[in-house]
Amino acid sequence: MSIFNASRLLGKTVLVTGASAGIGAATALLFAKGGSNVILVARRAEAVKSVADACAAAFEASGLKQGGRFAAIQLDVSDKAQVASFWDKVPQDLRNVDILVNNAGFVLGVDQVGNIKDEDIESMFSTNVLGLISVTQLLIKDFKAKQSGHVINLGSIAGREPYAGGSIYTATKHAVHAFTASMMRELVNTPIRVTEIQPGMVETEFSIVRFRGDTGAAKKVYDGLEPLTAHDIAEEIVWAAARPPHVNIAEVLVLPVNQASTTLNYRKPS
């Protein structure tokens, strides 16, 4: 018998950004297994379509009778025009969104201040901060109008503690933390819930993107310890969404057991 009660997710409609891989894809799949409808959004059209197909198969295997509607939509959250026209791409029967998971985000490089390319700064802020805000603003008015909804933002331990070589990424995640915390305070007189999930070291495409495709350098980040997986974080997201309506999980800091801060970890000797 499972003690993870996901019955409250049956028939709910969830919008997940950055759903083509990693935490976003794992989250969409887990919501599908819980009987939710899922709108999967990402820049990579083929990749997000593949995840949507996997969601449909997972729902079918679950045997559940509620939910099970999926839409894969190509969207760059950093493009304001694309965000503004987003609803035109969403099937009519999926436009009543209950849960927003703002997962889209990335990091580029380990350059220190003075050596960071302008385009890297702009691209990280455009997606990690401005894109997250744009998508949230797109949905929050509907949440207020119907007096229900849940915004789940993917922050990071980097939003709590900066580190050398990550000034821009940590700045974006500090911004996400401040935005999320302010929004929760603004919505305190409503039933709308606001959650920030703050992962530590998670082995996904994250480090591969950071090191611009250098898989060897990306792998070295996790040498000697067991990092979190995308599924680990997806479980925290779905668990937070499945709490009773009067329960708001405000923040969840999730670390692998051998990590204690952004820079303090234990690695087994090789």
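Residues are numbered from 1 along each chain as its sequence is written, and side-chain values use heavy atoms, with hydrogens and water left out. Because the model is predicted, local features need pLDDT of at least 70 and side-chain atom pairs count only at pLDDT 80 or more, whereas totals for chains, interfaces and linings use all residues.

Helices (H or I, at least four residues) and strands (E, at least two) are DSSP runs, numbered from the N terminus. Helix 1 covers residues 22–33. Its 12 residues reach 17 Å from the first C-alpha to the last, close to the 16 Å expected at 1.5 Å a residue; the expected span is 1.5 Å times one less than the number of residues. Helix 1 is mostly covered, with nine of its 12 residues buried. Here buried means under 20% relative accessible area, exposed means over 50%, and partly exposed lies in between (1.4 Å probe, protein chains only). The buried residues of helix 1 are Ile23, Gly24, Ala25, Ala26, Thr27, Ala28, Leu30, Phe31 and Ala32. After helix 1 comes Gly35, which has a positive phi near 90°.

Helix 1 packs against helix 2 (residues 45–62), their axes coming within 8 Å and crossing at roughly 25°. Axes are lines fitted to C-alpha atoms, for helices over the stretch in contact, and angles run from 0 to 180 degrees between N-to-C directions. Helix 1 and helix 2 are therefore roughly parallel to each other; angles under 35 degrees count as roughly parallel, over 145 as roughly antiparallel, 65 to 115 as roughly perpendicular and the rest as oblique. The crossing of helix 1 with helix 2 is right-handed, a term used when the near helix is turned clockwise from the far one by less than a right angle, left-handed being the anticlockwise case. On the helix 1 side, Ala25, Ala28, Leu29, Ala32 and Lys33 meet Val51, Ala54, Cys55, Ala58, Phe59 and Ser62 of helix 2, where contact means heavy atoms within 4.5 Å. This contact comprises nine nonpolar, one polar and one charged residues. In this classification Ala, Val, Leu, Ile, Met, Phe, Trp, Tyr, Cys and Pro count as nonpolar, Asp, Glu, Lys and Arg as charged, and the others, Gly among them, as polar.

Helix 1 also meets helix 8 (residues 230–241): the two axes come within 8 Å and cross at roughly 50°. That angle makes helix 1 oblique to helix 8, and the crossing is right-handed. Gly22, Ile23, Ala26, Thr27, Leu30 and Phe31 of helix 1 face Ala230, His231, Ile233, Ala234, Glu235, Ile237, Val238 and Ala241 of helix 8 in this contact. By class, the contact of helix 1 with helix 8 has 10 nonpolar, three polar and one charged residues.

Two residues illustrate these helices individually. Thr27, in helix 1, is buried at a relative accessible area of 1%. Beyond neighbours within four places in sequence, Thr27 contacts Val16, Val101, Ala234, Ile237 and Val238. Trp239, in helix 8, is partly exposed at 30% relative accessible area. Residues up to four places away in sequence aside, Trp239 touches Phe4 and Ile249.

A further pairing joins helix 4 (residues 118–146) and helix 5 (residues 167–186), which pack at an angle of about 15° with their axes 8 Å apart. Helix 4 is thus roughly parallel to helix 5, and their crossing is right-handed. Helix 4 contributes Ile121, Met124, Phe125, Asn128, Val129, Leu132, Ile133, Thr136 and Ile140, while helix 5 contributes Ile168, Tyr169, Ala171, Thr172, Ala175, Val176, Phe179 and Met183. The residues of this contact divide into 14 nonpolar, three polar and no charged.

Helix 5 has 20 residues and reaches 28 Å from its first C-alpha to its last, close to the expected 28 Å. Its buried residues are Ile168, Tyr169, Thr170, Thr172, Lys173, Val176, Thr180, Ala181 and Met183. Their cover includes helix 4, strand 5, strand 6 (193–199) and helix 6.

Finally, two loop positions concern the backbone. Most residues other than glycine have a negative phi. Gln147 is not a glycine, yet has a positive phi of about 55°; Gln147 lies in the loop between helix 4 and strand 5 (150–154) and is partly exposed at 38% relative accessible area. Arg212, also not a glycine, has a positive phi of about 55°. Arg212 sits in the loop between helix 6 (206–210) and helix 7 (215–220), and is partly exposed at 46% relative accessibility.
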